[in-house]
Amino acid sequence: MKLADIKKLKVAELRSRLKELGLDSRGLKAELVERLWSAAEGEQSVGDDEEETLKLHDSSPILLVQTEPADVRPPSSEIGATARHEVDRGYTDMATQTEAEPSPAAPQPGSEAAAAGVTACPAEAREQGHAVGPVEEDMGRGRSFYEFKEEIRYKRAKSPQPPAERSEAEEQDEDKVRLDKYGSHLHFEVSPDGSSGQPRFWTQFPLLWSGCRLTHGVQQGRVGFEVRLERKLLTAQPDDHEVREPYGLRVGWSVADSSLLLGEDELSFCYDGRGKKVSDRKEENFGEPFSEGDIIGCYASFSSDGAVELSFHKNGRFVGVAFSTDTSVLRGRALFPHVLCKSCSFKLLLDPAAQPWYPGPPGFTPLATLPPGQRVCSTSGPTSRAQCEVVLMVGLPASGKSVWARNYMKQHPEKQHRLLGTEELLACMISGGQRDSRLQQASHCLTEIIKIAAQTPGNYILDQCNILFSALRHKLRLFTGFRRRAVVVFPSADEWKRRLSQHQMRDGEHIPETALLKLQVSCSLPEQQDDLLEELQYVELPQEKALKLLQEYKDEARRLLPPVPKHEKTRRLYRKRPHPHGPPSSHRSSMQTWSQPPRYWSVPYQDQGYYYSAYQSYS
């Protein structure tokens with residue numbers, strides 16, 4: 001029997017034939033088709049088997065993902081890997097909701113399901129009656145599951161209100177040294193005077209590290225600054241038992257174009273509160289751990305021969321020289337004071353008239369008291385929404401959106417885009433807990449950060465799927481006043497299959513076929529006539545071909561997925577309400593035994609807007 005003939009069979013016919021062959025007859029139609037085709041395939045010769053397998057892949061581009069080996073497991077330390085899009089029942093979009101057929105227990109070794117390499121995520125396995133084994137537990141749900149779950153929330157979200165008209169902000173003194181709001185994470189909160197800060201979401205997302213630089217740096221002389229650990233914000237240990245260090249503070253120096261995660265880049269140097277020094281993600285024991293009230297002094301010494309030494313003090317005592325480098329390595333760039341914190345608050349001494357908390361080393365000058373000519377000011381960002389740009393990436397999983405976004409940022413460094421995505425937030429969870437816990441927090445936190453970005457002048461790239469119409473429109477309305485662009489990355493069918501396979505092999509993630517089918521059914525690509533878009537760009541397939549291919553995906557997905565169950569409209573029965581104060585007074589005096597069941601009539605009750613029932617007797 002040919003594959004095309006098998007696909008034409010109805011579900012009842014597929015089950016009947018599977019029962020005749022002694023095979024399991026439970027599952028979705030796509031699974032039944034694949035199971036019956038595998039059985040028919042086994043009866044043919046090896047040569048015919050290879051030929052028909054190619055036909056299967058050519059006729060159904062989605063099924064290629066399901067025929068990958070099932071023994072691929074992701075590394076436990078993998079961060080930012082794209083994963084499943086299985087929709088949670090609590091947030092299932094009605095446009096993609098399907099009724100799962102009763103399915104068997106976990107497939108036994110050698111069965112058709114195991115041979116096909118179909119691996120369901122834990123939620124899907126439990127719904128279908130599969131036992132969740134160690135493979136599923138290791139793989140977890142993944143990035144895309146939580147991203148898509150957050151996007152579905154926009155379907156029920158209220159339309160955002162237009163941004164309030166704000167008066168022009170007072171011009172800040174460019175010579176004043178303070179924490180740089182533009183040079184910080186959006187999830188970092190700066191005090192009004194610019195001398196202290198803390199994580200913005202420390203109660204909701206305690207795993208998140210938040211960093212900020214100062215507005216001014218140095219590239220000559222002998223300069224220092226002081227930081228005080230104010231207090232630890234958490235009053236209880238996090239629920240995740242793998243989080244060994246619920247608090248964290250790093251202080252040091254970095255160049256302006258390095259990551260805001262202090263110590264994670266080559267030209268980023270810090271003293272870690274665990275009693276370590278960190279640079280380029282390399283840790284070494286150094287000094288003592290921090291506690292509340294400790295004051296850390298950070299000092300940079302630029303010699304005339306080009307040598308640069310970075311040393312630290314704790315509570316006025318010299319800890320040691322932590323790093324030695326050269327101005328040639330810095331390539332003429334200035335070093336900026338930098339602080340990174342997790343679940344704690346800190347304060348810097350930036351008042352030029354105040355006395356130092358502890359005397360510094362001889363010959364060193366506090367940064368705040370340096371003459372303006374000896375300091376380097378950081379690049380300021382846009383000040384109004386009209387000067388800002390937001391780019392929304394649109395595309396299916398593993399379509400190449402993130403690659404395009406990063407290449408665009410490299411090509412336009414002058415725009416200083418901030419990339420907002422789940423992977424970027426995962427990177428901010430240094431030494432976090434379980435991977436699934438980090439993914440869930442990062443996806444939910446990203447929703448909150450997008451709202452903050454819409455109120456903060458700057459240039460942003462939203463690295464998400466954005467394939468739900470409601471989610472895309474909601475985000476475009478949030479950024480009213482920005483120059484709004486949508487970039488659609490929609491490759492050809494063969495190229496998307498290759499990228500999906502490459503993503504699976506590289507990241508060890510297996511996206512179930514059902515999840516891909518549901519995503520394709522709900523996918524919606526923006527069009528040029530959208531009044532909320534200033535620019536629309538299709539970077540791979542042109543718009544006409546992309547829409548045509550998407551329609552083919554939708555038709556194929558609807559044919560393979562079971563239809564949405566139609567619920568019959570049932571007549572709503574209203575319970576009759578008694579009189580609020582009992583029977584009318586006329587009935588109270590002459591209450592008699594009912595000779596027949598009472599009869600009711602409805603009278604509009606004007607004050608409360610509903611009907612009440614009054615009693616009437618008859619004999």
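Q: In this predicted model, which strands form a hairpin with 3 residues between them, and which residue in the turn has a positive phi?

A: The strands are S8 and S9, and the residue in their turn with a positive phi, of about 85°, is Gly275.

Q: Which other strand pairs with S8, and over how many bridges?

A: Strand S7, residues 248-254, pairs with S8 in the antiparallel sense over 5 bridges.

Q: Are the faces of S8 covered or open, and which residues lie on each side?

A: Both faces are covered, with Ser268, Cys270 and Asp272 buried on one side and Phe269 and Tyr271 buried on the other. Counted along the whole strand, residues 268-272, this comes to 5 buried residues of 5.

Q: Is Ser343 buried or exposed?

A: Ser343 is buried, because its relative accessible area of 1% is under the 20% cut-off. Its phi is also positive, near 55°, and Ser343 belongs to the loop between S14 and strand S15 (344-348).

Q: What span should helix H15 have, and how far apart are its end C-alpha atoms?

A: At 1.5 Å a residue, the 15 residues of H15 (residues 493-507) should span 21 Å, and the end C-alpha atoms are 21 Å apart, so the two values agree.

Q: Which residues in H15 are buried?

A: The general idea is that an α-helix has 3.6 residues a turn, so residues three or four places apart point the same way. In H15, the buried residues are Ala493, Trp496, Lys497, Arg499, Leu500, Ser501, His503, Gln504 and Asp507.

Q: In what order do the 5 strands of the open sheet run, and what is the sense of the pairing?

A: The order is S19-S20-S18-S21-S22, and the pairing is parallel. Strands S19 (418-421) and S22 (535-538) are the edge strands, each pairing on one side only, while the twist averages 20° from one strand to the next.

Q: How many bridges join S21 to S22?

A: Strand S21, residues 483-488, is joined to S22 by 4 bridges, and the two run parallel. Within this pair, Arg485 stands opposite Glu535 in S22.

Q: Which residues of the largest nonpolar core touch the most other members?

A: Among its 66 residues, those are Leu420, Tyr460, Leu462, Phe479, Phe490 and Leu525. Helix H13, residues 435-454, gives the most to this core, with 9 residues. Apart from it lies another core, of 39 residues, among them Leu179, Leu229, Phe286 and Leu310.

Q: With which residues is Leu525 in contact, leaving aside its neighbours within four places in sequence?

A: With those neighbours left aside, Leu525 is in contact with Val394, Val488, Phe490, Tyr538, Ala546, Leu547 and Leu550.

Methods:
Residues are numbered from 1 along each chain as its sequence is written. This is a predicted model: local features need pLDDT of at least 70, side-chain atom pairs count only at pLDDT 80 or more; totals for chains, interfaces and linings use all residues. Side-chain values use heavy atoms; hydrogens and water are left out. A nonpolar core is a set of buried Ala, Val, Leu, Ile, Met, Phe, Trp, Tyr and Cys residues joined through side-chain atoms within 4.5 Å. Buried means under 20% relative accessible area, exposed over 50%, partly exposed in between (1.4 Å probe, protein chains only). Contact means heavy atoms within 4.5 Å. Two strands pair if DSSP finds at least two bridges between them. The expected span of a helix is 1.5 Å times one less than its number of residues. Axes are lines fitted to C-alpha atoms, for helices over the stretch in contact, and angles run from 0 to 180 degrees between N-to-C directions.
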